[in-house]
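Hi there,

Here is the model I promised to pass on. Please open it alongside this email, and then read on for what I found in it.

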Amino acid sequence: MNLDFSDDQKFLQNEARKFLEKEESIKRSREILDQSSSLDTDLWQKIVALGWTGIRIPENFDGLGLGHLELCVIAEELGRFLAPVPFSSSVYLFTEAVIKYGSEELKKDILPKLVSGEIVGTLAVAEDFMAPSSSNIKTEVLNNKISGKKIAVPDAGIATHSIVVCKSSNGIDLRLIDHKDKSLNILKQDTVDGSRGHFCIELENTPSILVGDEGNGWDLYESIINQAAVLFSFEQVGGSQATLDMAVNYAKERYAFGKPIGSFQGVKHKLADMYVAITLAKSNSYYAAWALSSESSDLPVAAATARVSATKAFQLCSKENIQTHGGNGFTWEYDCHLFYKRSKLLSLNIGSLSNWKEKLVSNLEKSNIN
Amino acid sequence: MDFKDNQEQANFRKKCREWLEKNAKPKTGVEKNEFANINYLQAAKDWQKKKYDAGWAMLHWPKEYGGIAASAIERIIWSEEESKFDVPRGIFEIGLGMCGPVMMEYASENQKARYLPPMAEGKEIWCQLFSEPSAGSDVAGLRSKAVQDGNNWIINGQKVWTSGAHFSDYGILVVRHDASLEKHKGMTFFFIDMKSPGIEVKPIKQITGGSSFNEVYFNDVVVPDSQRLGEIGDGWKVAITTLMNERLAVGDANGADVEDAFRWAKSQDDLGEPLINNKSVRSSIADWYCEANGLKNTKLRTMSALSKGETPGPEASITKIVSANKLQDIGNFGMDSLDMSGMLKTDDPEIQSFQNAWLGAPGLRIAGGTDEILKNIIAERVLGLPQDARADKGMPYKDIPTGKA
């Protein structure tokens, strides 16, 4: 019985924590917000130099050839420190999609450049103000050329490539595009969390390369986000823990009626509820990490369980952290809002809470656990 | 990460399983909870005796008191395996889980040799006498009195919520020996013979209709000083040891869980459609599944720490809060799904399990520490938040204001 990370993995996590702390990742996140830019290139380059973008990329493609568990511990720290970098888009989604479904030729071309940082990728799905589904995707591919418009594509401003979910004559395709191509236009969109830019991509007869089987793209997309959900959960757990720590520290230092507000039961119980939510989310994420790393058939259920718990935990913790800080928590000056906004970004990227609850229950029906 | 036992653990699990298969029936699905039924008591005693004779009764106890000095991980493996079988439970948990450890720590060698083996064997049942009508969450506010009289103490007062007092042979008791001291300092701890003259046990009828708790009255009950556990005035310290054990003993709430809700939702009609197609039901089932598995995976993390010889973190402290509330919600869901007929008593074991959950859960949210007290404990002991200011701090007990008792 061992539902825990190995000593090496814990060491890696600790190194990641020290690095992000030293680099003042949270402060950088605030600067991005204040400067209305869309990410921190300097921090991203340092992360690339550490080799994190190649954790899962096999050694013959210049990567570290490590497993998903190593990615999980890094994800927890990126979440804890609100790193304003395109890690989730490029690593959890784009890189994993290429590893899983790319042809040998594509892998040979792309993977080493993801390690070196020459390529940064993202995934373009949404098209309108509604949840994307296999039946409402309008962006279309004809003779390998894509036309249409994608919105709310995270990190597309720094990304050099995207994998686009689009409609083809046989169903849905996943297709790779190069942002350098003149046929496309990338525009920054205003978002409620400015620390990670979102973009609109307009495509007009943009050349593309098929990734995975033709027409089967929606299933591939689902399978990619099932994997990514586990990593997102770890980011959410890290963020939840950071907000609980902030709230606890504040509740110990802030005095009212002659004593620390953390001595009042109204505050205590709120913080205890946060601790409960984090514990459930963390334990479910550990199990999902096991399911992911061991390629268990339980992954769809385990990933959705982790995702639902972790989304709930980060939403609860980030909002109650503001509440614990009182009026200060509502100011731009305090960091509370950075976490509140990131919790929303992480909970909407790869699909909302209600969406994942539905996935969980329909997977339970399929797996017929009873 | 992996979920395999190591060789030693696998061998132990196999041994547990082999013995259980020979001596008990595996669970079939919906088991009836017949706690407090007299035949059930005898069945529980028989099962305990069987386990004791074969060395399974108190695995972690020292050999001289009937145990095999097993490791924490072996204890968990045994209880995992035992929980897959339809065996009586709910009778010995308090004695073995709370009274035993206190006797082990504070009783004399002779007393341990006399009382612990029959306790483990199930021949003698023990109960815990702490709470009082005016001392619940603030159990240190208790007022039952002990007055020293030569080599004896004379006990007067009343205890309440005493599980199993009506079939117990012995009990552990904390009482006030000096009301002029501060409240936490004026208490002393004893064990007593429940057949002593002057003890009167009155069952309390619960909202479920059953009676597993009692009121226990003490009228000039004589207890020898040799049955004092700890020093005079150390009663609170000894009680705390016991309460820490209680929280571990109460743990997970038994009863209808997410699998039952899920199975039910698939079979039940909802305005002409299967209930499972109802969006709000799906959302609830997702929430309960996440909670149930969150607890299960938390337990696996605790086991992982134990099996590596590490001390587990405080994660397990969330178990009762989460499981008792989930039980209440699931009971509520099952009854709601029946609309008006949900009120009717029936022989259908599934419907019964929802009704029992709904009726029993309010008690579980209180027993062994209310939700509120457990949240205080998480906030203070895990998160390190300061204690709330106490109006009675430093006051002699006799001067502390009281409401209507």
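A residue is called buried here if 20 or more other C-beta atoms lie within 10 Å of its own, and exposed if 12 or fewer do. Please keep in mind that this is a predicted model. The predictor gives the complex an ipTM of 0.96 and a pTM of 0.94. For chain B the average pLDDT is 90, with 95% of the residues scoring at least 70. Where pLDDT is low, the predicted coordinates should not be read in detail.

Helices of chain A

Let me start with α7(A), which covers residues 217-253 of chain A. Of its 37 residues, 29 are buried, so this helix is largely enclosed by the rest of the structure. From first C-alpha to last, α7(A) reaches 53 Å, close to the 54 Å expected at 1.5 Å a residue.

Another pair to look at is α4 (residues 68-80) and α8 (residues 265-293) of chain A: they pack at an angle of about 150°, and their axes are 9 Å apart. Which residues make this contact? On the α4(A) side they are A:His68, A:Leu69 and A:Cys72, and α8(A) contributes A:Ala289, A:Leu292 and A:Ser293. Sorted by class, that gives four nonpolar residues, two polar ones and no charged ones.

A glycine in chain A

A:Gly102 sits in the loop between α5 (87-101) and α6 (104-116) of chain A. Is A:Gly102 buried or exposed? With 22 other C-beta atoms within 10 Å, A:Gly102 counts as buried, because the cut-off for that is 20 or more. Apart from neighbours within four places in sequence, A:Gly102 is in contact with A:Lys107, A:Ile110 and A:Val211.

Where the chains meet

On to the interface: 39 residues of chain B are in contact with 38 residues of chain A. On the chain B side, the elements that give two or more residues are α7 (258-267), α8 (279-307), α9 (319-336) and α11 (371-382). The largest share, 16 residues, comes from α8(B). By class, the side of chain B that touches chain A has 19 nonpolar, nine polar and 11 charged residues.

That makes α8(B) worth a separate look. This helix has 29 residues and reaches 41 Å from its first C-alpha to its last, close to the 42 Å expected at 1.5 Å a residue. It is mostly covered, as 23 of the 29 residues of α8(B) are buried. After α8(B) comes B:Gly309, with a positive phi near 75°.

Most residues other than glycine have a negative phi. Two in chain B are worth checking against that. B:Trp161 has a positive phi of about 60° although it is not a glycine, and B:Asp339, also not a glycine, has a positive phi near 55°.

Their surroundings are as follows. B:Trp161 is in the loop between β3 (152-160) and β4 (170-176) of chain B, and B:Trp161 is buried, with 21 other C-beta atoms within 10 Å. B:Asp339 is in the loop between α9 and α10 (349-364) of chain B. B:Asp339 is exposed, since 10 other C-beta atoms lie within 10 Å.

B:Met103 belongs to helix α4 (residues 93-106) of chain B and is buried, with 23 other C-beta atoms within 10 Å. What does B:Met103 touch, leaving aside its neighbours within four places in sequence? The contacts are B:Gln111, B:Lys112, B:Tyr115, B:Leu116 and B:Phe191. Between the C-alpha atoms of B:Met103 and B:Pro314 there are 25 Å, and the two are 211 residues apart along the chain.

B:Leu364 is in helix α10 of chain B, and B:Leu364 is buried too, with 21 other C-beta atoms within 10 Å. The C-alpha atoms of B:Leu364 and B:Gln328 are separated by 9.2 Å, although these residues are 36 apart along the chain.

Key
Residues are numbered from 1 along each chain as its sequence is written. Chains are lettered from A and ligands numbered from 1 in the order in which they are written. This is a predicted model: local features need pLDDT of at least 70, side-chain atom pairs count only at pLDDT 80 or more; totals for chains, interfaces and linings use all residues. Helices (H or I, at least four residues) and strands (E, at least two) are DSSP runs, numbered from the N terminus. The expected span of a helix is 1.5 Å times one less than its number of residues. Two residues are in contact if their C-beta atoms, placed from the backbone, lie within 7 Å. Ala, Val, Leu, Ile, Met, Phe, Trp, Tyr, Cys and Pro count as nonpolar, Asp, Glu, Lys and Arg as charged, and the others, Gly among them, as polar. Axes are lines fitted to C-alpha atoms, for helices over the stretch in contact, and angles run from 0 to 180 degrees between N-to-C directions. pLDDT is the predictor's confidence in each residue, from 0 to 100.
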